[in-house]
Amino acid sequence: MLQALEGSQAVAQAVALCRPQVIAAYPITPQTHIVESISKLVADGKLQCEFVSVESEFSAASVVLGAAIAGSRAYTATSSQGILLMAEVLFNIAGMRVPLVMTCANRAISSPLSIWNDQQDSMSVRDAGWIQLYCADNQEAVDTTIQAYRIAERTELPVMVCMDGFILTHTLEGIDVPTQKQVDSFLPPYQFARQLDPRNPLTLGTLVSPDFYPEARHSHHQALLNAQAEIVSADQDWFALTGRKSGGLLTIEGPEQATVAILTIGSVLGTLRAALEELPPGQPVKLIKLRSFRPFPKETLKAACKGLKDLIVLEKAFSPGSGGIVGLEALAAVAELPQPPRVHNFAAGLGGRDIPLDILPRLLAVLEEPDNNRFRIIDVDLEKLPLADR
Amino acid sequence: MTTKIITAISELRKKQPRFRGLESGHRACLGCGEALAARLVIEATGPDVLVANATGCLEIFTTPWPESAWRVPWIHSLFENTGAVAAGMESALKAQGKSTKVLAFGGDGGTFDIGFQALSGMLERGHNVLYVCFDNEAYMNTGIQRSSSTPHAAMTTTSPPGKERMGKRHLKKDIVSIVAAHHIPYAATASVSYPSDIRKKVRRALAIDGPTFLQIHCPCPLGWGHEGDESITVARLAVQTGLFPLIELERGGLASAMPIRHIRPVTEYLQMQQRFRHLFTDEARAKEELEHIQAIADHNIEIYGLRGECKDAFDSEGMDTVRRGGMRWA
């Protein structure tokens, strides 16, 4: 049954359906509505769990780590500065191979201070060893949250569900909230093989000499690569159960014969979809939406890019001093094709700048420019800058 | 019928079995106060515990993969999050309806300094955790750097004495008072030189459903600069001089203090340790620092009332009660 729900409320309900036993979070815009909604569910007795109102995001991540290790399904959520404060714990959780789910309500990073959306926060911890799934809309955020628990617990890898702050978290949409019965049949009770238990005492988080460290890193890398199969199967099983897909590793839409594709990540897909409808006929463009950024689905992306002449990568974060993040990885992937497309990489929508429908003709126009493979922030207004910075 | 008199210590130990949660064979230095204190704590808690351990010597010397000296479930996450990890473990056990006690172990660096926020949060939220701080008064794991627990005038590698300095310029942070100010049910100090007192305080903390805190003074022979076989003597002198008062605080108020039978001058404690050797020169500033440290001890003796009141010193409520199991002055 469709309900009109704000993205944050919808995610809170999805989390509750997964029957977490411990939730720890610290408020930060734009994640706040998620934890507020969960607090209310707990206060109203609709969700039986230990809700730990911690004193920082650092402790939020640490509390859920402790809870998962002690045998409880746990949940946290954050944004922006919060994710940076958590960074050390995020690496630790992943390195210890602890199954956890966290929502990242994507927001820009200070300085300059911005509470609005881009994806610099989750991109900055892309090497933490977490699975990162990016949602295009709120229904995907709901479904992905539930799938994330199954993926995490089967792979013993933490999963970060990324949804654009405000654009998704604060937007009311019609959401099909699954039933408890559906979720229970999809998600078995939490089990963790290395659970701390006095009857079977284990030592976790030990010191490792150079004799073992590379092996630990290797198996972590391997586990992430192998997680692709779990991400796909979770989505397939979810489809069989609910009739809804969340986009597996990536999705392709648009005319098959198109030789131009735009690769995006997150909610900007909706804008591009709408823009595509307004495009004059005769200019076929495909849209590729990357859902799984970690693991990076190299082979699937290569297959999706076969036959393309131009691949435009549009993202909401970049690596200062280098360029696009998704763009660079896509470039590396398609370079393995016998006839690789040209890759054009742009950032847009940084710090919450609106991405209007005319983004699409602007992107396509770049293909005609001489230096069309130079990374740039496409919606930057150079007039606002001193000459030296342009 | 004759009674066999047991003389070998190993035989005696068999007659007095205790739960060993921290096994021998780990890699601590000779005379390590922290290793002994940790063993005593786990002996007193028994096996039905989960331990969260901060980064530090204790973590390093007990768990070089693939070896572990622990016989209790144990996790090391990071340096500064032990209070929060323990809080998460406790929340999970609560959600599962289990009564297993959660212990958090940290050194003075992980407790007084970098992990202070997580500890404060854990205390404020009332988690049922016993937090044990093994206080050896500096960052020993990284090679003896000053912490906020390092006593005034002590030499460390980041508070060296020189022409302009006489060791650490600042005072030792009064962590137990700060912890007690959270109005938690129980906070106490102990010394590794009084084992049965540690056991008693651990048992007491375990019986409480709520956050409890124990600060155990543990000499570090390497960092303090004394022989390994002098650890107990040095630790005892810290108590006997009044520099490390053994106290218990309940709901923020002083509940008891262990009286000192023979109060010793601080110089007896200081001169055993290389970290204070710059105080034993003819310089006026050295004498001034010694007087300063004596004044700190005198102040402790005064505010905690550490002077034994009993007439018979040897039968007072003093140190020797420990030999009787530490039950007298509770």
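Predicted model: local features only at pLDDT ≥ 70, side-chain atom pairs only at ≥ 80, totals over all residues.
Begin by selecting the residues in contact across the two chains, which come to 36 residues from chain A and 39 residues from chain B. Together the two chains bury about 2,900 Å² between them, and 61% of that area lies on carbon and sulfur atoms. To see where chain A loses the most area to chain B, select Pro198(A), Thr203(A) and Leu207(A), which together account for 19% of what that side buries.

Next, turn to the polar side of the interface, where 14 residue pairs are in polar contact, both residues of each pair being at pLDDT 80 or more. Colouring chain A by element then shows that β3 (50-53), α3 (57-69), α4 (80-95) and β9 (203-204) each supply at least two residues of the side that touches chain B. By residue class, the side of chain A that touches chain B divides into 19 nonpolar, 13 polar and four charged residues.

For the charged groups, two salt bridges are found across the interface of chain A and chain B. Select Glu50(A) and Lys94(B) to display one salt bridge, in which the closest N and O atoms are 4.0 Å apart.

Finally, select β9(A) together with strand β2 of chain B (residues 74-76), and the two will be seen to pair in the parallel sense over two bridges. Within this pairing, Thr203(A) has Trp74(B) of β2(B) as its bridge partner, and Thr203(A) is also among the residues of chain A that lose the most area to chain B.

Methods: Residues numbered from 1 in each chain as written. Chains lettered and ligands numbered in written order. Heavy atoms only, no water. Contact = heavy atoms within 4.5 Å. Buried area = accessible area lost by both parts, 1.4 Å probe. Salt bridge = Lys/Arg side-chain N within 4 Å of Asp/Glu carboxyl O. Polar contact = N/O pair within 3.5 Å; in protein donor to acceptor, adjacent residues only side chain to side chain. Helix = DSSP H or I, 4+ residues; strand = E, 2+ residues; numbered from the N terminus. Nonpolar A, V, L, I, M, F, W, Y, C, P; charged D, E, K, R; others polar. Pairing = 2+ DSSP bridges.
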